[in-house]
Amino acid sequence: MGNSNENNLENTGNFIHSIIREDLKGELNSLRTRFPPEPNGYLHIGHAKSICLNFGLAAQYGGKCNLRFDDTNPAKESTEFVNSIQNDIKWLGFDWEDRLYFASSYFGRMYECAIELIKKGKAFVCDMTAEEMHQARGTLTTPGTESPWRNRSVEENLDLFERMKNGEFEDGSRTLRAKIDMSSPNMNMRDPVIYRIAHMTHHATGDEWCIYPMYDFAHPLEDAFEGITHSICTMEFEDHRPLYDWVVNTLDFKVKPRQIEFAKLNLENTIMGKRYMRNLVETGQVDGWDDPRLVTLSGIRRRGYTPESIRNFCDMIGVSKANSVVDLAQLEYCIREDLKPKTPVVMAVLDPVKLIIDNYPEGETEMLTIENHPDNESLGKREVPFSRELYIERSDFEEIPPKKFFRLTPGMEVRLKGAYFVTCTGCVKDDNGNVTEVHCTYDPATRSGLNFTERKVKGTIHWVNVATAVKADVNLYENLVVPDESSENGYRLNPDSLKTVQAYLEPCLKDTDPMDRFQFIRNGYFVADSKHCTKEHLVFNRIVSLKSSFKPH
């Protein structure tokens, strides 16, 4: 996003840029944004859109973007999540420099702000239970009922609030509520709770506090403390904006941040909810938060996606207020476009059957020179061993072929990639009728590089030399969920989301390091798994297939 110039951004209709440009024409001297994740899970692809937006806007307009953890709910937060979030943002290519903040470091200042509201008669300690408050809240068409504790004196409220802080009361027995308007048409303004009692150990502050601010109170305070000018969040907070503004204005901050909402990313047939992902992780249905089938940034990274592809994807989908569902094919298009010009192309056979060249000398091996990329000479060339027995893909042979089948079938001549023309002479089957060997003959005059022009073939197939082949486990992924109208969420887990096959690879891949990426000819783009791949046990994940259903405009 930060790579586009201002004129181009105007043409995209990105309303946030229009707002910022207008604000910068006024009294605003510099832009300050923030990315405020809650450390209660790993970031996912939807967060990448917010990260790119907030850091990108700051870069575009010469401002700064803070990283701030909204760690106001100790029940589900942990240092593990804090660390993973920082790693993900760095991986995406963004730097918060020295501007790392935690809501928990403001707990003292937030407490003082609550005291100020009490002294102004704008907050009170309420003894109603959560159920009683819910019943008294009213509906969209009927006003709520004021709490019987709403008119406590300032002195009583100060005393009770301090005793709440000192741990004298049980969880749920008392809250601090803002005193606004129980008849407001906006339900968020009907005397919302701004502090609750929670005797929990916090990942950063330990047992120092037993009362914690609610998100809707903490968030505007954090923005105001840090001098944030534009607080950019997703559309579900639009109805919370009046409360955000009430907090900022009632406490009369010098810098009054402006909340702007945009539509969050919804990706087709994917799990985006942290709660659901947490359940999958904790019940062992996936291989951790970084399972390549998840759209967490850790999972996407392990799947083999590059940060460039994610940034390009976020740029392509744009920013608006209208909710929509993005086709997963668009994300896959971005990774293909990024990998295509720079990824070495090698041969790997995922569903092998043996190919025997009957007229090739037994016991002989020759080295063939093959380019590492058909369109990128800078990637160089490699030597590939070739001999009488090879592995080919089972799908590259058909005894009774369909129309327009240009691979191996009895009597058909094809080229072996980088090697020779071969003509299929038949096959051997087992007792169950399964093909176990395909036989052929080769023409020595057709070796690649000899400019053989006497005849042409329509098909080229890849292969791996049996004697020098390297074994590897290859993970083939499909969507983790599939649509299911009968389920509560509208989808169910796909039992076929992961298929692991034993493949045979060129020997040049035996020294592969984790996260090395390759294009396996005709099979897709693959990456060496960062979690399980070793020199002794190679494991590759399919990043994406080669074919795309997405057509860019």
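Guide: Here come some questions and answers about a predicted model.

Visitor: Let's start with helix H3. How do you know that the distance between its end C-alpha atoms agrees with its 16 residues?

Guide: Helix H3 covers residues 45-60, and at 1.5 Å a residue it should span 22 Å. The C-alpha atoms at its ends are 22 Å apart, so the two values agree.

Visitor: And is H3 mostly covered or mostly open?

Guide: Mostly covered, with 15 of its 16 residues buried. Buried here means under 20% relative accessible area. After H3 comes glycine 62, and its phi is positive, near 65 degrees.

Visitor: What makes strand S23 count as largely enclosed?

Guide: Strand S23 takes in residues 470-477, and six of those eight residues are buried, so the rest of the structure largely encloses it.

Visitor: How do you know that S23 pairs with strand S26?

Guide: Pairing takes at least two bridges. Eight bridges join S23 to S26 (residues 498-505), and the two run antiparallel. Aspartate 473, for one, stands opposite glutamine 502 in S26.

Visitor: What about S23 and strand S29, in which sense do they pair?

Guide: In the parallel sense, over four bridges. Alanine 472 has leucine 538 in S29 as its bridge partner.

Visitor: Why is the contact between glutamate 222 and arginine 68 called a salt bridge?

Guide: The cut-off is 4 Å from a side-chain nitrogen of Lys or Arg to a carboxyl oxygen of Asp or Glu. For glutamate 222 and arginine 68 the N to O distance is 3.2 Å, a salt bridge. Glutamate 222 sits in helix H8 (residues 215-225) and arginine 68 in strand S2 (residues 64-69), so the pair ties together parts 154 residues apart in sequence.

Visitor: Why does glutamate 222 count as buried?

Guide: Because its relative accessibility is 0%, and the cut-off for buried is under 20%. Arginine 68 is buried too, with a relative accessible area of 0%.

Visitor: Then why is glutamate 371 called partly exposed?

Guide: Glutamate 371 has 29% relative accessibility, so it counts as partly exposed. Lysine 417, at 22%, counts as partly exposed as well. The side chains of glutamate 371 and lysine 417 meet in a salt bridge at 3.0 Å, N to O.

Visitor: How many salt bridges are there by this rule?

Guide: The count comes to 44. Among them is the one between arginine 382 and glutamate 506, at 2.7 Å, N to O. Arginine 382 and glutamate 506 are both buried.

Methods. Residues are numbered from 1 along each chain as its sequence is written. This is a predicted model: local features need pLDDT of at least 70, side-chain atom pairs count only at pLDDT 80 or more; totals for chains, interfaces and linings use all residues. Side-chain values use heavy atoms; hydrogens and water are left out. The expected span of a helix is 1.5 Å times one less than its number of residues. Buried means under 20% relative accessible area, exposed over 50%, partly exposed in between (1.4 Å probe, protein chains only).
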